[in-house]
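This report goes through selected features of one structure, helix by helix and ring by ring. Please keep the sequence and the 3D view at hand while reading.

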Amino acid sequence: MVMSSLEDGLSPVIPNITQTRKNKSVFALLNPNDEEGDSEYAEGNETDALHQAFEHIRNVPKRGRIKKKHLETLKDIAWKFGLSPEDIDTLLDVALSSAFGDATKTRLLKCLIPTTVIPESSVVKAVSRLCANNYSSNTKVIFFRWLIALFDFIDHKEELNSLYGFFFSFLQEESLAPYISNLLYLLTKKENVKLFRVRKLLELQSKVGMQPYFQALLSLYKSFCPDLITISLPPKRKHYFKSMDSTWRAAFILVRQRNQLSPLTSVDLTIGIADSHLQTKKWHSVCAVPAPTSSHVCKEEDLGSLEAVLDVSNQRPFPLEQLHTFPQLLKNLQNLELPAQMCSVLTSRPLLHYLNCIQDETVRLRLYYWMNQELKEGCTWYRVSNYASEEEFSKFLDIIINAQCFLQEGFPSSEVFLYRSLPFWDGVSCQAEYLQLLSWIPLGNFSDIKPLFCDSLAQLFFTSTIYQKCSILHSLKQLLQNWLLGHSVEVSLKPSLSTTLDTTMIALNSMSELINYVGWLSSFALRLEDHSSFLLHFILDFFEMVSDAYLNYSLPLLMIFPPGVFYPALLTSDTITLNHLCYIMYRSHFSSPNKEEREWL
Amino acid sequence: MDSSNVPAFTPKHAVPTGFRDYFSSASPFQRQLASVRKQTPFGQTPSRRKIPQCSPLQENIDPQKIAFLLHKQWTLYTLTPLYKFSYTNLKRYSTLLNSFLAAEKQKGLAMETGENCNFKVIFSTLSGMKGTHRDPVAFLVQIVSKSQLSSKNAEDKVVWTGWFCCVYGDSLLENVPDDFTCLPLFLANGAESNTALIGTWFQKTFDCRFTRLTISAFNLSWMAAMWTSCNLECYGAAMELLWSVPCSPQNLDISYAINPEDAKALWDSVHQTPEEITQEEVDLFIDCLCSHFHRHFKINLSATRLVYVSTSVASAHTDGKLKIFCSNYLIGVLAFLTELAIFQIE
């Protein structure tokens, strides 16, 4: 949810002044018992003026008017330096007392810029005044707008939360409803969602119609307690609430900068609302990844058996719709549960992290089935009747590839899809993404993989343009790199000797066969492309990776240049290629583990 | 390995033993991947199939109970295995689906659970709709519109029906852990909008995926042969085959109707092996029909595409539409369709 900002009729922010001001209350001076205040206090005209202003305001008789000069001083100082928590307390108290007229109250309320925090007690007091006394709706609106704008800077919110019911009762006033909804949106926790409140909201909604602020609140309730409400919402809107008065916030931030205090890290207000159903052309086949939602059906089943046994302090599972950052994941790692549709992990980074930690097979199986079907249905060249356009499909492939890169591992379903669709691929559709899928084939017995993709790939390779050839070579180089990386990590994880030897043997065999295959491809390609140096660059890139294998990944790959590549590179008139070749020979000389090999090279 | 030599290529985090514990072949993925590696790109279909027989479990079915399944146009879908679906919670699923549908109908306006709406969702099981004891029990979802008048004599009208079943689904069942319920075949009858809504609910609740089941011309010819080979006491309608010729502006459809007794006679002469049907027999059967047509009309039907087959047992269209006429061979029909569905999932 993003709140759009519109300027209000508030005064503009005053430019920076380097003078610092001690964060002390003016009222400490007035209090005769406070003796230490005097000595620490920095003398300044502003503080004197503020002190006078406050004194005047406090002592204004009933129905009297505050002098304009004091109001001006107050406003200036508040906007330049901010008010300390105690001052905020007093000013709020004074402003909401019924001694002054509406306009004055408004002006006083607009001066409430804190330096550090807003004390919760003062807000509670203010709210109690609001409930007890009669105020004009204008005042109330200003107060709530101020509260929403500076909500993050209230130091504690537990007491405010306990006043939830009182805030809720304000919803009945039509002029206040949007602001109260906004406030409730910020304040709501799962315990606050009660059936009678839902009913009340629905009743209000039936009176005034479907307003965006009610919608927002209802959807928030729904995300907390989906079984209490069955609502279907129109598609998610960006702007639920009216302009947030950013001038208050901006002023506060400037005040802090001025006083050279560290800026408070405010809570990110973008709470994602669970997406209501996307309008799709065919509901059963579209390459869309849904947002993560907690599954409430499965939860209820376990309630009877598990919850009774488990400790009460073990809280309810963390709602997935609110999981956005890594720190949140770390905090809630113990009580996080998997989403209802496993495919939604693909777009959520914290959930991908979480997926990494889980060893459960069913999780991966769920993802496998879904992805299998999606890839099959969405693939624009594999099936006769397909439902996704090429653009949608390449976006979908992008999501999968990003997830694979994040996890540093390929999904089994994308591997299966690759083997199935490669014979039918035209070499052009979704080229960039498809070739990246190629580079994530996991390390295994090359003789198993060979019949599945080598022949089709070779056909495509020889009949493609030089740029496509280079792309394919690049992705094969990535494939080798991923294999080398995967193997080295695998070996470091399993230090027992017998398994290490086995895996190393298989890895070595596979990689050597891959290198042979690429060498074979390159030799023919060079002849076809007339020894183009552009192509040679990519080929030599591949062999450079091979030569680095021992140094970087401690895998003793023997570097054998196919003659079809070596001689054209050696006898070329292009200096860059020659340089590259010599560099490779130099590297392989030093990276070879064998002394004889080194001498031979 | 000297870790200080390794430059900036170190991975960002340890490779988990998660997705692929490559050197142990315990996970179900390995088996599936192995099957892909053995398959040719076009897949393998068995060259021999058993003639559809009545399964011993079918004797328990009360023919009246499944009478409502016959003579209806079913749209076919395949379904990936359902996660954490339990047969004991059917009542709960009914209420949840009910409220979901009610909310969807009143789009944009919030509704409470339990509020009165003019329809009801019923989940029930269909016993006997399975091939072996391993197959999960089939279940049925119906949307029933409540009559506006509160008279007890008025019957509730069934607006939409959908049922999930699995007949002889062994090849899928053995690979799948216990949390999953495999019901790969879904048949729906009723408004497409209702199918979409209910499908979306299932996808969200049980993490499954629906796909339209399309039947290729190859499989349609198998169906024609298999259903002709069934022994029926009396034959109803003629056997009909529809071929489609793609041309503009509209497709040209060639309809070929054959007397059912003649078709059976032809099949009996082609059919050699007892208890089984082979690929050669099917091809021969269809070739005979096509050559007969050619002799009379000089049109080569093999150059066109078979899109529709209708016999006294059942009828099927390539878009995935099915009609069943005879309850005796219901299991046989479902078994073949389950096989096609499983093939499409994997």
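A residue is called buried when its relative accessible area is under 20%, exposed when it is over 50%, and partly exposed in between, using a 1.4 Å probe and protein chains only. Helices (H or I, at least four residues) and strands (E, at least two) are DSSP runs, numbered from the N terminus.

This is a predicted model, in which local features need pLDDT of at least 70 and side-chain atom pairs count only at pLDDT 80 or more, while totals for chains, interfaces and linings use all residues. Residues are numbered from 1 along each chain as its sequence is written, chains are lettered from A and ligands numbered from 1 in the order in which they are written, and side-chain values use heavy atoms, with hydrogens and water left out.

**A covered helix in chain A**

Helix α8(A) is mostly covered, with eleven of its 13 residues buried. Among them are A:F143, A:F144, A:W146 and A:L147. The expected span of a helix is 1.5 Å times one less than its number of residues. For helix α8 (residues 137–149) of chain A this gives 18 Å, and the end C-alpha atoms are 18 Å apart, which agrees.

A:K140 belongs to helix α8 of chain A. The relative accessible area of A:K140 is 9%, so A:K140 is buried. From C-alpha to C-alpha, A:K140 and A:T106 are 9.4 Å apart in space, although 34 residues apart in sequence.

A second residue of chain A can be described in the like manner. A:L204 lies in helix α12 (residues 195–208) of chain A and is buried, with a relative accessible area of 8%. Its C-alpha atom is separated by 7.6 Å from that of A:Q172, 32 residues apart along the chain.

Axes are lines fitted to C-alpha atoms, for helices over the stretch in contact, and angles run from 0 to 180 degrees between N-to-C directions. Angles under 35 degrees count as roughly parallel, over 145 as roughly antiparallel, 65 to 115 as roughly perpendicular and the rest as oblique. A crossing is left-handed if the near helix is turned anticlockwise from the far one by less than a right angle, and right-handed if clockwise.

In chain A, the axes of helix α18 (residues 361–378) and helix α20 (residues 412–421) come within 8 Å and cross at roughly 30°. Helix α18(A) is therefore roughly parallel to α20(A). Their crossing is right-handed.

In chain B, the axes of helix α2 (residues 90–105) and α4(B) come within 11 Å, with a crossing angle of roughly 125°. The helices α2(B) and α4(B) are therefore oblique to each other. The crossing of α2(B) and α4(B) is right-handed.

**Aromatic rings and charges**

Rings of Phe, Tyr and Trp (its six-membered ring) pair if their centres lie within 6.5 Å; planes under 30 degrees apart count as stacked, over 60 as edge-to-face and the rest as tilted. Over all chains, the structure holds 53 aromatic pairs. One of them is the edge-to-face pair of A:F566 and A:Y567, with 5.4 Å centre to centre and 75° between the planes. A:Y567 counts as partly exposed, at 47% relative accessibility.

The pair of B:F123 and B:F139 is stacked, because the ring centres are 6.0 Å apart and the planes are at 10°. This pair links distant parts of the chain: B:F123 is in strand β5 (residues 119–126) of chain B and B:F139 in strand β6 (residues 138–145) of chain B, 16 residues apart. Both B:F123 and B:F139 are buried.

A charge sits over a ring if NZ of Lys or CZ of Arg is within 6 Å of the ring centre and within 35 degrees of the ring normal. The table lists two such cases.

| Charged residue | Ring | Distance from ring centre |
|---|---|---|
| A:K469 | A:F461 | 6.0 Å |
| B:R212 | B:Y77 | 5.6 Å |

**Loops in chain B**

Which value of phi, positive or negative, does B:H71 have? Phi of B:H71 is positive, near 60°, in a residue other than glycine. B:H71 lies in the loop between β1 (48–50) and β2 (74–79) of chain B, and counts as exposed at 53% relative accessibility.

Phi of B:D207 is near 55°, a positive value in a residue other than glycine. The loop between α4 (192–206) and β10 (210–212) of chain B holds B:D207, which counts as buried at 5% relative accessibility.
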